[in-house]
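Me: I'm opening this one for the first time. Can you walk me through it?

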Amino acid sequence: MPVRKSTTVKTNIYGQRGGTKLMSSMVLRYMSKFRPTVILENKSTKDAMRTMGPAKVNVPSPDKYLKKHSKEPKLTERSQCSKEVRNTCTVRKPPVPTRSDRPVMGLSSRRDFIKTAAAVPVKPPPTSVDTSKGHKQLLENSGLIPKYIKKKDYGEVPEYLQQRKEEERRAYEEYKTLVREERERAAMKKMSDETRQTILEGLKKNWDQLHQEYQGLSVIIDTMTKKAHKEHLEASMKQLETDISFLERFKTVYVPKD
């Protein structure tokens with residue numbers, strides 16, 4: 001950028017009072033050479049935008065109104081020549097065999113056709129959409145295919161339920177056997193008439209002895225010992241009378257085995 005040199009201008013003033021001499025100096029500032037161009041460009045831009053909006057706008061034609069899908073990107077159309085070029089084959093195919101041609105016999109190959117067939121891509125399994133939002137699952141597990149009713153053991157009781165039922169039956173049989181043994185062990189047996197008669201005669205004999213002893217008590221009972229002995233004899237005699245009455249009343253009596 002050009003730089004101007006500073007110049008000093010000296011002025012002598014004569015004819016002033018007192019004969020004084022005054023000197024003044026002036027320093028010029030830096031100024032760019034592109035200043036006029038910038039001022040001109042700024043002025044031209046402002047002049048063009050003095051009104052509201054751009055001064056000159058190309059008004060669209062009424063025939064070219066906005067249409068549907070007009071602003072979407074369009075794919076290039078396939079031409080007939082491109083299709084022909086794509087299908088062009090550079091290698092010539094072998095000719096079709098005639099009726100008189102016979103295939104070559106006796107050829108063998110080590111190729112494993114099972115593995116080759118397994119390598120072929122398998123079709124995706126069929127699916128079932130069960131919600132309005134597009135959730136899908138395998139058709140086999142959706143319950144729409146009746147695969148369980150076609151099983152061989154469909155409708156039969158499972159083996160583990162049969163084993164559980166057999167265990168319960170065995171446990172119940174063991175419980176019934178134990179209860180029967182306990183009942184037989186604690187069962188009552190019928191007393192024979194001879195035994196009942198013998199017991200009855202023994203009870204009567206004991207009652208006669210106690211009654212004879214009771215009759216031999218003194219008339220005056222003035223001590224605690226005599227009173228206690230009298231009460232004991234009365235209680236024993238009463239108990240014997242109850243037993244004798246029971247055996248005479250019931251002809252059939254059951255007693256424990258042990």
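Me: Which residues of helix 5 meet helix 6?
Reply: This is a predicted model, to start with. On the helix 5 side, the residues are Arg196, Ile199, Leu200, Leu203, Lys204, Asn206, Trp207, Leu210, His211, Glu213 and Tyr214.

Me: And what do they meet in helix 6?
Reply: Helix 6 brings in His229, Lys230, Leu233, Glu234, Ser236, Met237, Leu240, Glu241, Asp243, Ile244, Leu247 and Glu248. By class, this contact has eleven nonpolar, four polar and eight charged residues.

Me: New topic. What does the overall secondary structure come to?
Reply: Six helices and four strands. From the N terminus, the order is α-α-α-β-β-α-β-α-α-β.

Me: How much of the protein is buried?
Reply: 5% of its 258 residues.

Me: Ser128, buried or exposed?
Reply: Ser128 is buried, because its relative accessible area is 12% and the cut-off for buried is under 20%. Ser128 belongs to strand 1, residues 127–129.

Me: What is Ser128 in contact with?
Reply: Setting aside neighbours within four places in sequence, Ser128 contacts His135, Lys136, Gln137, Leu139, Ser142 and Leu144.

Me: What about the phi of His69?
Reply: Phi of His69 is near 60 degrees, a positive value in a residue that isn't glycine. Most residues other than glycine have a negative phi.

Me: Where is His69 found?
Reply: His69 is in the loop between helix 1 (35–48) and helix 2 (80–87). His69 counts as partly exposed, at 46% relative accessibility.

Me: How many of the contacts join residues at least 24 apart?
Reply: 44%, among contacts between residues at least 6 apart in sequence.

Me: Last thing, confidence. What is the average pLDDT?
Reply: The average is 80, and 80% of the residues score at least 70.

Me: Where does pLDDT stay under 50?
Reply: Over residues 1–10. For that stretch the model has ten contacts beyond four places in sequence.

Conventions. Residues are numbered from 1 along each chain as its sequence is written. This is a predicted model: local features need pLDDT of at least 70, side-chain atom pairs count only at pLDDT 80 or more; totals for chains, interfaces and linings use all residues. Side-chain values use heavy atoms; hydrogens and water are left out. pLDDT is the predictor's confidence in each residue, from 0 to 100. Contact means heavy atoms within 4.5 Å. Helices (H or I, at least four residues) and strands (E, at least two) are DSSP runs, numbered from the N terminus. Buried means under 20% relative accessible area, exposed over 50%, partly exposed in between (1.4 Å probe, protein chains only). Ala, Val, Leu, Ile, Met, Phe, Trp, Tyr, Cys and Pro count as nonpolar, Asp, Glu, Lys and Arg as charged, and the others, Gly among them, as polar.
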